[in-house]
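Please open the structure in a viewer and keep the selection panel at hand.

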Amino acid sequence: MFRGIFYLLFFPGLAFQVVCGLAFEWMDRKLLARFQRRVGPPWYQPLADMIKLFSKEDLLPEGASGVVEMLLPLLSMSAVLTAGLYIPIAGFTSFSFEGDLIVIQFLMSVPTLAYYLAGMASVGIYSFLGGGRSILQYLSYEVPLLITISGPAVMAGSWSVAQISQSQVSMGPFIIFQPLGFILATVGLIGKLKRDPLDIPSASSEVVGGSLTEFSGAKLGFWYLVMNIQAVVGIFLLVNLYFGWSNVALPDVAIGVFILECLLMVAILSAVSAVFARLRIDQLAGLGWKILVPLSLVQLGFVILMGV
Amino acid sequence: MRRRHSLFHAIIDALVSRPDTVGYPFAELDLPESYRGAIVIDADNCTGCGLCVRDCPTGALKLEKKSRDEFKLIHYPARCAYCSQCENSCVRGAIGHSNALVGATDRPRELVVVLKEKNENTD
Amino acid sequence: MNKISIPIGPHHPLLKEPLSMIIDISGERVLGGALRLGYVHRGIEKMATQRTYVQDVHLIERICGICSHVHTTTFCLAVESLLGIEVPPRGQYIRALMCELERVHSHLLWLGILAKNVGLDTVFMHAWHDRELALDMMEGISGGRVSHAANQIGGVRFDLSTQQEEMISINLVKLKQQVSGVLDVIENEPALLARTQGVAPVSAEMIKDYCVVGPVARASGVDVDMRRDDPWPPYDQLDVNVIVLPEGDAWARTLIRVLETRESLRLCESIMQQMPDGPVAERAKRKVPEGEVITRSEAPRGEVFYYLRSDGSDKPARLKVRTPTLPVLSLLPVQLSAIHVADIPVVLAGIDLCVACADR
């Protein structure tokens with residue numbers, strides 16, 4: 001029982017994921033700043049921001065529900081933390097069962113729903129617009145992401161992330177067989193994380209802060225933690241689905257290789273964020289249904305044919 | 001496709017070059033010679049004629065004349081627009097700008113600077 | 001879908017200066033908008049009549065931070081024409097050099113704002129990095145990055161030493177090289193093309209109805225440029241290429257400023273080559289004889305128009321400033337019908353707001 005509590009609270013649960021989330025935020029901001037010829041924040045900046053946010057006054061506009069606004073980030077955080085428990089970290093699995101890939105996908109969609117509800121629960125007009133756009137965006141990227149993620153599952157013959165990661169020891173890393181799938185999954189991850197170029201719901205030049213315009217204090221701190229942990233869990237998931245073999249094949253260097261793969265994903269996400277412009281919502285819908293869905297079906301068909 | 005690489009090359013190039021920003025106040029600030037900074041006066045040349053006071057657009061200079069030989073020239077750095085009109089108006093070249101940066105202050109005493117004071121006791 | 005009104009401004013991340021727009025939207029389509037101005041009105045024209053001409057030069061510089069030099073130049077030209085004095089040729093060329101450098105820095109600033117509105121933060125940072133080179137050049141010769149204080153009545157205040165001339169020539173080459181990278185990206189970036197092509201087209205008739213001038217007019221096919229139509233020296237000795245594009249959509253407004261930046265850099269090089277020697281200023285009397293005069297010049301945003309009337313004393317009797325941003329702002333509610341909500345930043349960037357100029 002103590003082992004279970006250790007897994008839940010320390011590794012790979014709460015403490016580990018929070019630390020990784022803050023580290024991810026720092027790396028992302030530093031890389032983006034260096035791409036733009038700026039210096040970037042020092043390593044303790046995300047931690048300082050969290051402390052500052054949690055010590056700020058909590059403003060509640062008239063007509064907004066304080067209870068709902070507090071519950072939404074907390075529920076999202078518990079959802080993504082739970083999703084992170086099922087993903088092997090450098091080969092180390094804590095909880096794993098057959099079918100946990102589906103559960104992870106479901107749990108990772110809870111923050112999107114919570115973001116929409118946060119927009120509806122707030123009073124201002126910008127939150128309303130931001131929330132509506134987030135649901136439109138969800139409909140465009142989630143379907144191709146689900147189809148793409150089924151690719152490694154079909155190839156490994158299992159719906160458990162730990163099994164998929166394990167089977168790449170004998171078969172080789174899946175990115176070699178499904179490069180298109182990796183690209184599509186990265187695009188889906190960018191949409192889920194609401195990063196540039198798909199940060200339409202929180203585009204600061206149109207709707208000031210999106211759903212989170214009126215959040216302040218501890219509630220906003222929890223939302224930022226949710227976004228960071230969601231990013232970290234997403235990166236771990238993609239690394240396990242597409243680069244899995246190195247985790248178990250060379251156990252001594254497994255941790256180092258895992259870290260390198262995660263850093264590569266962070267670099268890819270930051271570079272894409274720096275290079276591309278924000279899409280319009282109708283352009284995103286066009287991209288999602290006219291390009292991403294057919295390509296993901298092609299990739300899945302290719303995987304099935306290869307298995308046969 | 002070549003143009004897409006152009007922005008990509010630009011960010012890689014930015015990654016390996018030094019950042020643009022200067023870490024003031026922990027790093028040195030390199031201001032050019034002609035930068036219009038704090039007002040300095042050549043007290044021997046100033047005769048208290050008041051041409052600079054007349055032409056100052058913001059009223060940052062004030063001359064208190066007690067008699068023909070006694071005067072006090074006061075400068076208010078907070079009102080100054082750093083336009084160098086006083087430097088152009090002075091026929092003797094007594095007042096002008098250095099290139100020292102004028103920073104913010106929390107001491108009210110620094111908001112009033114007496115540039116020159118001449119009374120019966122001094123020459 | 002029912003109609004909702006969203007307020008943009010006075011405080012909004014999209015705007016550099018306070019401006020209030022109430023935009024009616026239905027879903028993702030914009031139905032129309034209303035505009036409120038006056039948040040930055042300081043009463044410059046009234047203040048100008050209470051100060052002497054010498055003090056007014058510095059007051060006029062603070063109408064706008066981006067096009068400050070053009071405003072002072074036009075004002076000094078008006079006073080000089082009433083006084084009947086002529087600026088020596090070297091002073092005229094230095095004034096034109098600062099005007100063209102200011103056009104380059106203004107267009108690079110605008111480019112960064114357009115990129116930021118569209119979501120390309122990297123291009124924003126890179127364009128402003130190049131703009132720093134232009135500002136450093138202006139600071140090296142005049143003493144200020146934004147408030148140059150270059151003009152006085154009768155000429156310019158400083159002379160260029162040989163070192164400074166060399167510095168400018170070297171830096172112009174460097175600036176041209178750096179700027180060409182950013183401009184190439186803007187001209188060929190597919191994301192930018194996708195977001196600006198076909199957005200909010202404005203016809204030439206509408207331009208003439210609303211009396212719009214500047215790059216917005218030239219992007220819709222109306223051929224008007226004060227540097228060629230009503231030049232003050234030395235523009236009559238320089239060969240100005242006026243660029244006109246027929247389409248009138250947001251992409252044309254983007255492309256025309258890109259081309260104008262290149263043209264201004266070429267003009268800077270011609271100015272440095274043709275710069276004559278001699279004095280830079282002429283002594284001007286403090287009391288201006290009675291009369292009234294109109295002067296015009298081409299600011300980065302269009303035609304700037306000054307009317308000055310004097311009554312023989314050392315303070316002006318009436319000064320009227322007509323800036324190019326005011327008619328463009330009145331065109332804005334018309335442009336805001338039948339576009340997407342996501343196009344609002346693109347439209348706002350295309351008209352190149354400078355509310356301080358519009359409100360005075």
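Two residues are in contact if their C-beta atoms, placed from the backbone, lie within 7 Å. This is a predicted model, in which local features need a pLDDT of at least 70, side-chain atom pairs count only at pLDDT 80 or more, and totals for chains, interfaces and linings use all residues. Residues are numbered from 1 along each chain as its sequence is written, while chains are lettered from A and ligands numbered from 1 in the order in which they are written.

**Select chain B**

Among contacts in chain B between residues at least 6 apart in sequence, 70% join residues at least 24 apart. The C-alpha trace of chain B spans about 80 × 30 × 25 Å along its principal axes. Its radius of gyration, taken over C-alpha atoms, is 22 Å, whereas a compact globule of 123 residues would have one near 14 Å; the globule rule is 2.2 Å times the number of residues to the power 0.38. Of the 123 residues of chain B, 18% count as buried, that is, with 20 or more other C-beta atoms, placed from the backbone, within 10 Å of their own.

Now display the secondary structure. Helices (H or I, at least four residues) and strands (E, at least two) are DSSP runs, numbered from the N terminus. Chain B has three helices and five strands, in the sequence pattern α-β-α-β-β-α-β-β.

Next, colour chain B by pLDDT, the predictor's confidence in each residue, from 0 to 100. The average for chain B is 81, and 92% of the residues score at least 70. Among the elements of chain B, helix α1 (residues 2–16) has the lowest mean pLDDT (71), and helix α2 (residues 51–55) has the highest (89).

Eight residues of chain B are in contact with nine residues of chain A. On the side of chain B that touches chain A, six residues are nonpolar (Ala, Val, Leu, Ile, Met, Phe, Trp, Tyr, Cys and Pro), one is polar (the others, Gly among them) and one is charged (Asp, Glu, Lys and Arg).

**Move to chain C**

Select the four strands that form an open, antiparallel sheet in the order β1-β2-β3-β9 (chain C). Strands pair if DSSP finds at least two bridges between them. Strands β1 and β9 (339–340) of chain C stand at the edges, each with a single partner strand, so one side of each is left without a neighbour in the sheet. Within the sheet, seven bridges join β2 (residues 20–26) of chain C to the antiparallel β3 (residues 29–36) of chain C.

Key. Buried ≥ 20, exposed ≤ 12 C-beta atoms within 10 Å, placed from the backbone.
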